[in-house]
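User: Hi! Could you walk me through this model before I set anything up?

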Amino acid sequence: DNETILHDRRDGWHRITLNRPEKLNSFNEAQHLALRAALDEAAANDACRAVLLTGAGRGFCAGQDLGDRDPAKLDDKLDLGHTIETFYNPLVRQIRGLAKPVICAVNGVAAGAGANIALACDIVLAARSAKFIQAFSRIGLVPDSGGTWFLTSLIGEARAKALMLTGEAVSAEKAAEWGMIWRMVEDDALTAEAEALAEHLAKGPTFAYGLIKQAAQSASGNTLDAQLDLERDLQREAGRSSDYREGVSAFLEKREAAFSGK
Ligand code: T3D
């Protein structure tokens with residue numbers, strides 16, 4: 001493992017921790033590459049059926065490491081689009097495309113790309129003391145890592161635009177109230193709650209979970225008709241899975257299902 005992330009392979013699920021606490025886990029290239037490798041491994045390993053992403057120390061992630069941006073070189077030849085294309089966009093696509101649940105435990109401040117990477121995850125829990133900041137406009141940038149898309153679809157254009165233009169922080173409590181995240185939990189309960197959720201999901205019908213992600217993520221770009229067709233196709237696939245057979249058998253036998261994830 002690269003020290004910029006910690007990769008803890010638990011029974012059925014993996015915990016991936018951004019680990020540059022002295023920089024609030026902001027991204028340098030090494031951390032990007034290490035996170036990419038960890039997510040690739042989690043995706044390829046059938047024994048890993050859920051991923052928990054969190055941050056070390058008092059923050060979750062403060063986005064791009066601005067220490068890597070030399071003001072003397074910030075001129076009109078600079079191409080930040082290249083960083084986005086090389087690192088941030090592939091990361092968001094990797095999280096969204098992972099055919100297993102990704103939980104984000106936002107343990108502290110999530111700013112810039114850090115906020116939007118959290119929002120890209122499937123289930124977001126945030127500690128009471130955590131906050132979400134679209135910090136981009138504070139330094140003259142535009143929200144990236146899917147932020148303009150996630151925020152407008154999660155909380156509506158009015159709130160999204162105000163947050164992006166003002167760079168104002170949103171508390172975990174407000175984020176939960178607005179539907180930006182799944183749940184706010186007390187600081188000292190975050191780890192236990194996120195791990196319990198990961199353990200629970202790791203015992204679930206992983207194949208169906210992957211299809212559920214696909215359906216949910218397609219909804220906003222589809223008409224109702226197209227979405228109905230997609231649901232039909234995905235249900236056809238789910239109906240042929242071992243876990244469906246097990247789920248029905250367990251129900252009829254009045255016992256708990258033992259899903260294999262297949
Ligand atoms: O460049 C490209 O490739 C384009 C891609 C852009 C993606 C982006 O994410 S752009 C947005 C970048 N992020 C930010 O602008 C956020 C910068 N950070 C902050 O505004 C504040 O740190 C926070 C609001 C997140 C937290 O504030 P606070 O008061 O709790 O902590 P702090 O004291 O500011 O930070 C603690 C330390 O972390 C501090 O170091 P020090 O002084 O103790 O040695 C600070 O410099 C460091 N730190 C925090 N954020 C970053 C950082 N160092 C480098 N880069 C950071 N983004």
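Analyst: Happy to; here is a short tour, starting with the ground rules. This is a predicted model, where local features need pLDDT of at least 70, side-chain atom pairs count only at pLDDT 80 or more, and totals for chains, interfaces and linings use all residues. Residues are numbered from 1 along each chain as its sequence is written.

User: Great. How many residues surround the ligand, and which are the closest?

Analyst: The ligand is surrounded by 22 residues, and the closest are Ala62, Gly63, Thr83, Gly112 and Ala113. A residue is near a molecule if its C-beta atom, placed from the backbone, lies within 6 Å of it.

User: And how do the residues of that shell divide?

Analyst: Twelve are nonpolar, six polar and four charged. Here Ala, Val, Leu, Ile, Met, Phe, Trp, Tyr, Cys and Pro count as nonpolar, Asp, Glu, Lys and Arg as charged, and the others, Gly among them, as polar. At least two residues of the shell come from each of α2 (80-97) and β6 (109-111). Helices (H or I, at least four residues) and strands (E, at least two) are DSSP runs, numbered from the N terminus.

User: You mentioned β6. What order do the strands of its sheet take?

Analyst: The open sheet has four strands in the order β4-β6-β8-β9, with mixed pairing; strands pair if DSSP finds at least two bridges between them. β4 (59-61) and β9 (169-171) are the edge strands, each pairing on one side only. From one strand to the next, the twist averages 20 degrees.

User: How do β6 and β8 run, parallel or antiparallel?

Analyst: Parallel, with two bridges joining β6 to β8 (residues 131-133). Alanine 110 sits opposite phenylalanine 132 in β8.

User: Which strands does helix α3 lie across?

Analyst: Helix α3 (residues 113-120) lies across β4, β6 and β8, at about 100 degrees to β6. Axes are lines fitted to C-alpha atoms, for helices over the stretch in contact, and angles run from 0 to 180 degrees between N-to-C directions.

User: Switching topic: is aspartate 40 buried or exposed?

Analyst: Aspartate 40 counts as exposed because it has 12 C-beta neighbours inside 10 Å. The cut-offs are 20 or more other C-beta atoms within 10 Å for buried, 12 or fewer for exposed, and partly exposed in between, with C-beta atoms placed from the backbone. Aspartate 40 belongs to helix α1 (residues 29-44). Between aspartate 40 and glutamine 94 there are 8.2 Å in space, C-alpha to C-alpha, though they are 54 residues apart in sequence.

Technical notes:
Contact = placed C-beta atoms within 7 Å.
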